[in-house]
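Welcome! Open your viewer, get ready to select a few residues, and follow along stop by stop.

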Amino acid sequence: EVVLEMAGGNADLENIKGRLAVNTRAGDIILRGLKGRAEVATLGGNLELSDVEGDVNVNNEAGDIHITDGSGNVRVQSGSGDLVIGQLTGDSLWVHLNAGDLELQNYTGKGIFDLNYSDVSIEDMIGPLMIELNMGSMAIDRLRGQLSVRMKVGNLEVNRHVGSGRVQVDRGRSEERRVGKECRSRWSPYH
């Protein structure tokens with residue numbers, strides 16, 4: 001087991017086997033060649049994981065996250081920053097982003113995404129995909145598997161999808177529209 005606690009500064013880690021626990025307040029983390037389980041918590045800074053075999057759990061308050069070339073289950077919770085995932089195979093990928101863009105390329109497995117303010121780009125995915133997006137745009141290209149999308153505000157573009165799908169668009173009245181209508185009726189000459 002490797003435990004790394006840092007108040008600041010950057011860390012570059014390679015070829016770790018077993019459990020890795022990282023807790024930082026600031027600074028970038030680069031991890032290559034993990035075979036095991038990683039728990040990463042950062043308040044600020046970028047995170048780059050590559051050649052990972054095992055489960056990864058990331059809790060990142062601010063900063064970009066890149067996860068490439070690996071296998072295992074991934075769970076990401078991020079306050080702000082972009083997330084890029086490429087060449088990954090696993091049973092599940094769970095992502096919660098408050099603000100930041102998501103780019104997913106060549107993923108095989110189940111994907112569950114809860115996104116508040118994001119632009120999403122998904123290319124070459126095999127497996128079921130569930131996305132809930134409050135505000136943003138989404139482009140999906142080459143998905144093989146079930147698709148379930150729930151959007152409040154934004155644009156959706158799907159190309160080359162093989163499988164079943166369901167898209168739900170929740171377009172409730174915005175607060176600005178409701179208040180504007182109240183003001184117009186209050187000052188109407190017929191009021």
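**Stop 1: a pair to begin with**

Select E39 and R37: their side chains meet in a salt bridge, with N and O 2.7 Å apart. Are these residues buried or partly exposed? E39 counts as partly exposed because its relative accessibility is 22%, and R37 is partly exposed too, at 38% relative accessible area. Keep in mind that you are looking at a predicted model.

**Stop 2**

Next, pick R32 and D12, another salt bridge, whose closest N and O atoms are 3.1 Å apart. Here distant parts of the chain are linked: R32 sits in strand β3 (residues 29-42) and D12 in strand β2 (residues 11-24), 20 residues apart. R32 is partly exposed, with a relative accessible area of 28%.

**Stop 3: a network**

Now go to R142 and D124, whose side chains form a salt bridge (2.5 Å, N to O). R142 belongs to strand β10 (residues 129-144) and D124 to strand β9 (residues 102-126), so this pair ties together parts 18 residues apart in sequence. The whole structure has 11 salt bridges.

**Stop 4: a nonpolar patch**

Strands β11 (147-162) and β12 (165-169) each supply at least two of its residues. V169, in β12, is partly exposed at 43% relative accessible area.

**Last stop: confidence**

Finally, colour by pLDDT: the chain averages 89, but residues 173-185 fall below 50.

Key: Residues numbered from 1 in each chain as written. Predicted model: local features only at pLDDT ≥ 70, side-chain atom pairs only at ≥ 80, totals over all residues. Heavy atoms only, no water. pLDDT = per-residue confidence, 0-100. Contact = heavy atoms within 4.5 Å. Helix = DSSP H or I, 4+ residues; strand = E, 2+ residues; numbered from the N terminus. Buried < 20%, exposed > 50% of the residue type's maximum accessible area, 1.4 Å probe, protein only. Salt bridge = Lys/Arg side-chain N within 4 Å of Asp/Glu carboxyl O.
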